[in-house]
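Let's take a friendly walk through a protein fold. Have the sequence and the 3D view ready, and follow along one feature at a time.

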Amino acid sequence: MIVGLSLATPGAQVQIPLADAHIHYSHDVWDMLPPAEAIKILRKAGLKKAFVSSSSDEGTQMLYEQAPDLVVPVLRPYRRRGEISSWYRDETIVRMVEERLAKNHYAGIGEFHVYGPDADRPVVRRIVELAAKYKIFLHAHSDIDAVDRIFAQNPEARVLWAHSGFDSPEDVAMMLRKYKNLWADLAFRSEHASNGKVDPQWRKVFLEFPDRFMIGTDTYAPDRWYYVVKHANWSRKWIADLPRDVGENIAHRNAEALAQWALQR
Ligand SMILES: [Zn+2]
């Protein structure tokens, strides 16, 4: 749950630019929110960049076509809602991902959901290999065990850890210490800040790893699109509570750097 959103005030100061690392534009929102309208929301939120993935990938392509300057395309290995817990047992996913990667440019593969030993299944292994082949990141909604398994498969993998695993700041810090190529998004979390103040435990982790965190809304369901602007304003408030450099990194630079690394091919 996002709490405290109603307290967000845009303020008169210059808006901190943001990059939102966790936007989905899946099939069940297309009618309610056509591509041009979705882009309007992202721009209204003051986003410089939005990492977009969708079930199916068609949604991402539609947004990218509308705003190539804004949208960072990420390839979700799902064709429709409901494949979250079946995709890693489904060989046809591999073919779909291979075809898409050959055809379009992506900064990453994800967001996908995999936990524990399932991360060692052949389909997931192939996805990790494809990310390495195309030099793009993996956006993993995973537990610590699955992240460990992905890095065991390829220590050079670049992983964006969705929702920072919904883990504690101490455990997130432990993982960031362990893996230099691990980034973490703060999507759909709110306990790291309240009323514009950063939680002391999280502050320690943000200061220890100023290059690794990103913000994200997570528009996993159609109604989540209503929160994109609110989430941006809420994020600006707590980001302003950090040292300026660290705040700007989390606000947009870390996401931009990862996207640039992936898309510079
Ligand atoms: Zn998501």
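Ser56 sits in the loop between β2 and α2. Helices and strands here are DSSP runs, numbered from the N terminus: helices are H or I with at least four residues, and strands are E with at least two. The peptide bond that leads from Ser55 to Ser56 is cis, and its omega is near -5°.

Another cis peptide bond links Gly110 to Glu111, with omega about -15°. Glu111 belongs to strand β4, residues 108-113. Next, look at Lys135 in the loop between α4 (122-133) and β5. Lys135 has a phi near 55°, which is a positive value in a residue other than glycine.

## About the model

This is a predicted model, in which local features need pLDDT of at least 70 and side-chain atom pairs count only at pLDDT 80 or more, while totals for chains, interfaces and linings use all residues. Residues are numbered from 1 along each chain as its sequence is written, and side-chain values use heavy atoms, with hydrogens and water left out.

## The sheet

Strands of a sheet pair through backbone hydrogen bonds, either parallel or antiparallel. In this model, eight strands form an open sheet with parallel pairing, in the order β1-β2-β3-β4-β5-β6-β7-β10. Two strands count as paired if DSSP finds at least two bridges between them. Strands β1 (18-24) and β10 (213-214) are at the edges with a single partner strand each, so one side of each has no neighbour in the sheet.

Zoom in on β2 (residues 47-53) and β3 (residues 71-75): these strands pair in the parallel sense over three bridges. Here Ala50 stands opposite Val71 in β3.

How do α1 and α2 lie relative to each other: roughly parallel or roughly perpendicular? The axes of α1 (residues 35-44) and α2 (residues 58-66) come within 9 Å and cross at roughly 70°. The helices are therefore roughly perpendicular, a term for angles of 65 to 115 degrees.

Where the helices touch (heavy atoms within 4.5 Å), Pro35, Ala36, Ala38, Ile39 and Leu42 of α1 meet Met62, Leu63 and Gln66 of α2. The contact residues comprise seven nonpolar, one polar and no charged.

## Aromatic pairs

The whole structure holds 13 aromatic pairs, meaning rings of Phe, Tyr and Trp (its six-membered ring) with centres within 6.5 Å. Phe51 and Phe137 form a stacked pair, 5.6 Å centre to centre with 25° between the planes; stacked means planes under 30 degrees apart. This pair links distant parts of the chain, as Phe51 in β2 and Phe137 in β5 (residues 137-141) are 86 residues apart.

Key:
Axes fitted to C-alpha atoms, helices over the stretch in contact; angles between N-to-C directions. Parallel < 35°, antiparallel > 145°, perpendicular 65-115°, else oblique. Nonpolar A, V, L, I, M, F, W, Y, C, P; charged D, E, K, R; others polar. Phe/Tyr/Trp six-rings, centres within 6.5 Å; stacked < 30°, edge-to-face > 60°.
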